[in-house]
Amino acid sequence: MEPGTAKRRKLDHADGGPTFEAANATASTMGSSGASAFVLETEELLKEVKFDYGKASSDVEDVLRQLKDVIEATEPHDPFPISDVTVNFEKKNRITIPYPDPQPAKDAPYKLSFEGPAEVNVAGSWILKTNTKSQPDLAVDMIVVMPSSIFQEKDYLNMRYFYKRAYYLAYIAADLREQLGATMEFVFDHMHGNMLLPILVARLKINANRDDGSEKSNSRRKSIPAIRIIPCAPEDYFPAGKLTAVSNAIRQGKSEGGEDTKAPTPFYNATLKAEGLFPSYLRLLYRTVKSCSAFKDACVLGRIWLQQRGFNGNINHGGFGHFEWAVLMALLLQTGGRKGEAVLSPSLHSTQLFKATLQYIVSANLQKKALVIGKDSPDPESLRQSMPVLYDTARGINVLYKMTPWSIAMLTEQAKWSLSAINDSPHDQFDPLFIVKADQPLQTFDILLSVKLPTSKEGVQSVDRKGFVCDFSTKLYNTVKKALGERAQLIHINLPETGTWPVSANVPKTKNASLLVGIIIDPLKASQGRDYGPPYEQKKEAAKFREFWGDKADLWQFPDGNIVESLDWTEYSYLGSPGICEAIIRYILKLRLQVADGDLEFYGQDMPKVISFAPSEKVAFDAAREAFENLEGDIRNLGDLPLHVKQVAPISTALRRTSLCVPEFNFRKPLLQPMEVVVSFEVSGKWPENLAAIQRAKVAFLLKIASSLEEVKGNVRTHIGMENTTRDDENLAFLDIVYEDGASFRLRVYSDLEEALLDRRTKDQTIERHVRTEAAELLALYKRMYINLPLHNQTISTFCTRFPALSSSIRLTKYWFDSHKLSCHFNEEVIELFVLQAFLKPYPWQAPSSAITGFLRTLLMLSRWDWRDEPLVVDSAGSLSTSQRLEIGTRLKAWRKIDPNMNRTILFVATSHDVSGVAYTHDGPTKVVATRMTSLARSACKAVKEKGVDLGMRSLFQSPLRDYDVLLHLSSKALKSITRGDASRRSQYKNLAEETGLGALPLLEPPARSLLRQLKAMYASPLLFFHGGADDTVIGALWNPQLHARAFTAHMPCSLTPSGGSGSGSGSIRSDKEGEKGGMYEVNRNAILAEIARVGGDVIEKIEVVRE
Amino acid sequence: MLRTSTPSEEFTELPISIPPLPSFPVEATHWTYLRRNAPKVPTPDDSRSLFIANIPCDSTVEHFRALFASLVGPGKFETITFEHDKKPSWSTHEPAQATRLAAHGKRKREEEEIQHFEIKVRATLPPTWSRKVYPSGSSAVALFADEKSAGLVLKAAKKLKKPKHYPVWGKGVRDIDATPLGSQWLVEHNKLVFPSKDEVQASTDAYFTLFNKMEKEARQLAKRLRNEPDEDGFVTVTRGGRAAPARRDEAEEAKQKMMEREQKKKEEMTNFYRFQMREKRKAEQAEMLQRFEEDKRKVQAMKEKRGKFRPET
């Protein structure tokens, strides 16, 4: 419809108004509505983080002017031989000239002189105004362009330029210190961790002037960032042709062979090249700011994104910082397309610029191929180097020269993960992109090890002056990458930090430092026991393979006769994938890099023993599954059931690979706790039309199945068991089936009519309210047992095959809940969903690939989850629409409105199958417990963040018992004897013992659970119990603080005692109150504990009162 | 310790001294509160029974027999009924059809009672706990030999002043009478949960004999109602054809079909007229606007929660 038509005008008129225009504008640029939330959120973010220039800039300008004046007024001097100048200068000024390594030779023939700078200017983010508040290294860059008169053209060779530069810097430093030393302090640093480029950092002294040192001026001083004084080369001074990536600019002595002198020095060359390009890039960025209004915001977004991932311009932090980001974007705004057209449009919104840049980084495939932006691309051969390449033809430099192979891999992966977050769901893309700190090693990497730097630099240092640490880590990276091959998805190396040093000291040496290597494994391939190399016939490749692997390489013949080179790691197979990878790394580093075992340290070795990574547990789960399939077949083959079996659905954790205890059984030792199963029959009209009668009919069904099974299969024993219920219209019974081989199952029968009847009852307006609520409760129970659980089981088992690390992550997380005594409040399904969510929405990472990362990210998810007003939506089938999500949110709001104090339904966990959100949390944790879960998760995440790799994993699973009021110590001996059932001999009911003595009965549930259930029923209001897994022998309990002393009622919340009855001297108060309404009554704690002691009998060893 | 006050006019405090146990070696006092039983619906035994509030969780008849024996001598106490032993609600066991017809008032109350009783007695499933424990703070009604005995108990309770005179809980209960708690109790529970199949079978058979009888009666009643005019000359309309009343699922199927038909009809007529298209587009726009507003609100809410927009460090 064109805007000109009458109708259109009319419509416009009707809807008109500024809001509509605004909405329309955003919506039209952003597409779907979820994006608009993202836009709004980023706008808020920008407002929040942007550095407030207004306050600081005038102060900063004063300081800058002072510095500039001093620098410009520095005395020039004539050239003298370098050795003389150095000695004289250092003696006179007590400043060690920060010459890069190696120091200039004493007899070096060239001379040093000083002349005033050609230009002194402010550059970098300060001038672009793209700093953020949260920036840890906030500083103003001040470039000092050295005059060309002090250089010669040949200075590009053999570090001569860098020696002169160092001297120039030291000279300025001396002058500055003399003139401004009273108010400022000066230290040296390496620019971007580049060993070739020392710079001077000036910082205002706090409390420098006592006389005007009022609070206010000090606080203003604090707000002034550090100023980095960066000497740089005159523009276009050095010949570009000599400084390409393949040319050599460092001529070694004659002693080395002729070959070595030609080795290219790309890093050195690029550094030198970049020295002359400061103004040029500044102009480029400045122009872009002018031409594209959203550029600055996009730069800030890029800065935050990089910062949250631990990237910045420093070589030790990836060498890709805000500058590189801005340059990349500026270049893409000009050109970069296939035919030289601009990739980005200046009219885009900042979020779109940001997303498009990410997209570009991902699609550019910088790890593998060199990227050239601009016209007249040079010969690709001339760009070849070990570093990633993004070549800016206009300025003739590789922008990414500071990056390393692993940092570009990491950057690409991070960008990929962020993009998948953006593409996944519009609703939760903001936090993972900008808020979450994504560079936490424990949550990112599956294997972490530290490698001590070797003391001898023999054979590692290269001609390229990148520094020993870099050279060694590149070697390490290449070796480990080649050795692990497909086992590793990503390998990253954290380099040790370099810091500033005082002007009077030498350049600090990296000593005793170690590298932190993080590896993300491919869980499918990492546990292979054997690696296969090239075929034996390909002599050349085979020889290479043998050369790389040394003695470990052997030959392997396939059944079809082919012989290949191969490696055998099967002796480590029992340790699972981490064990194998560790063995490989230890072996290859020893062989190739002579790293001794003592210099390697693998972290995370103190994992709790519950999770053995052994493949044996997989076998056990497979066996359980197989046993279930047997059962299903047997039930289906029963000929004489009145109805056809429609489905036999497993609902047990053991049958979805998530039970904490591995289901191990054999002929002699049957499975104690049967695995639960639901049987449903074809739809039939034969079910009686009455709830209670249906339950009886189910019992009849179970009896029928039992007798038929025992008849058909001789090796099966069955037991009918009574459900623990007081109602007669709830499920009454279950059937335990024990096979001869030890597998045991617990069968329940599903009837579809039950649901219809319950549903009708909940909606029936004619019956009483309490009956309807009861029916609703029953319906919830019913749905959970017969509808949600089978679906849940199916979902989780599917995802356990899709994510190999899911099963062990879930089990580890369950262990955490157990060890903090929370698990008695949570349905196991909820915990499984928590972990599944961490796998389905792993942003800002990819799906976890090991138990530890899976577990830690689940904790992170829990710590960030504000269950007060956020539902947890686990969209396992990927089928929830936007409106459904909104509906889930609305439902939660409705719950909170009805129950603002949150007395029930605390956690709201919706899945694709169950949008009601309360299927597993209906009877779930109370507010106290949920709060405890969150605070425990928070403190665990804090520990992970603060301690990093030094964190002892086991400390996350230690829970102090001092937090509880009362501790019930259970006797593990008594519990064990109950579990074994050998207490039956002592039973006084001789007849009962004989009747059931045919075979050991299955265990209903762990005895501690039975006891706890009874205690919970008895003391629902005065005590809150905490208990972990079945073998946890301590029950913690808290007194309800809301049970105050109260007046007398016949219906008591719990056992009460008259106030002051224990002689606490409050007699007078009591008599006061007596006059009006009689005495007050308070919880009779001792009597209650004595009761517990009586009920627990010999099961409770000791009741310990921790707090009164 | 001197007790001067009473909980209220009606209640008399009865302290019970609780002997220490190895697992909790603290001497405690449990307080129960007595009063003459006066339920809303009076029963003939009210005069000789006492209402006891806040009984200990592990109470049994034997415990109270021993307790009252030590207080007023043996032979006065008859029995005790615990509040939680009374099944609060027995759900109806009638076939649905019978319930519907009962709405017509043709069935007799007593008949129902008798049936319920039969179900209770003959078709109950075995209990799963050898001894019940009661929620903290429950109550019970104790029945005494006569009114005088009950009065004696109240008097004796009022007289208790010194803790050493307090009756001791569980003293005088013979081991044979008290089912043990603790590990034996739990073992017993695990055993009782799995009753013999014959027992369960018998109970189920008994149940369905009754249930089938009720169902048959209901069917006959329905048939009769279809054919017989009532005293005003009206014939009750029931579902179904001439031969037999319709089944529930048939009716539902028919309803489903009708709904489907309507749905189809509706779908055919949407997006047909120009005005429909126009309105649809209008609605879409309005919805978009609304969503935008919602997003704005959401962001606002996030802003109010401090720190939501600050990148973590």
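Me: How much area do chain A and chain B bury between them?
Reply: This is a predicted model. In it, 119 residues of chain A are in contact with 101 residues of chain B. Carbon and sulfur atoms hold 59% of the buried area. The area buried between the two chains is about 9200 Å².

Me: Which residues of chain A lose the most area to chain B?
Reply: Three residues stand out on that side. Together they account for 9% of what the side of chain A buries. They are A:Arg696, A:Met722 and A:Arg1094.

Me: Which helix gives the most to the side of chain A that touches chain B?
Reply: Polar contacts across this interface come to 19 residue pairs. On the side of chain A, one helix gives 10 residues. That helix spans residues 1085–1096, and is H33.

Me: How many salt bridges are counted between chain A and chain B?
Reply: A salt bridge needs a side-chain nitrogen of Lys or Arg within 4 Å of a carboxyl oxygen of Asp or Glu. A:Glu41 and B:Lys298 meet that way, at 3.9 Å from N to O. The count between the chains is 3.

Me: What should helix H1 of chain B span?
Reply: The helix holds 12 residues, 61–72.

Me: Which residue follows H1(B)?
Reply: The buried residues of H1(B) include B:Leu71 and B:Val72. Strand E1 and helix H4 of chain B are among the elements that cover the buried residues. After the helix comes a residue with positive phi, near 90°: B:Gly73.

Note on methods. Residues numbered from 1 in each chain as written. Chains lettered and ligands numbered in written order. Predicted model: local features only at pLDDT ≥ 70, side-chain atom pairs only at ≥ 80, totals over all residues. Heavy atoms only, no water. Helix = DSSP H or I, 4+ residues; strand = E, 2+ residues; numbered from the N terminus. Expected span 1.5 Å × (residues − 1). Buried < 20%, exposed > 50% of the residue type's maximum accessible area, 1.4 Å probe, protein only. Contact = heavy atoms within 4.5 Å. Buried area = accessible area lost by both parts, 1.4 Å probe. Polar contact = N/O pair within 3.5 Å; in protein donor to acceptor, adjacent residues only side chain to side chain.
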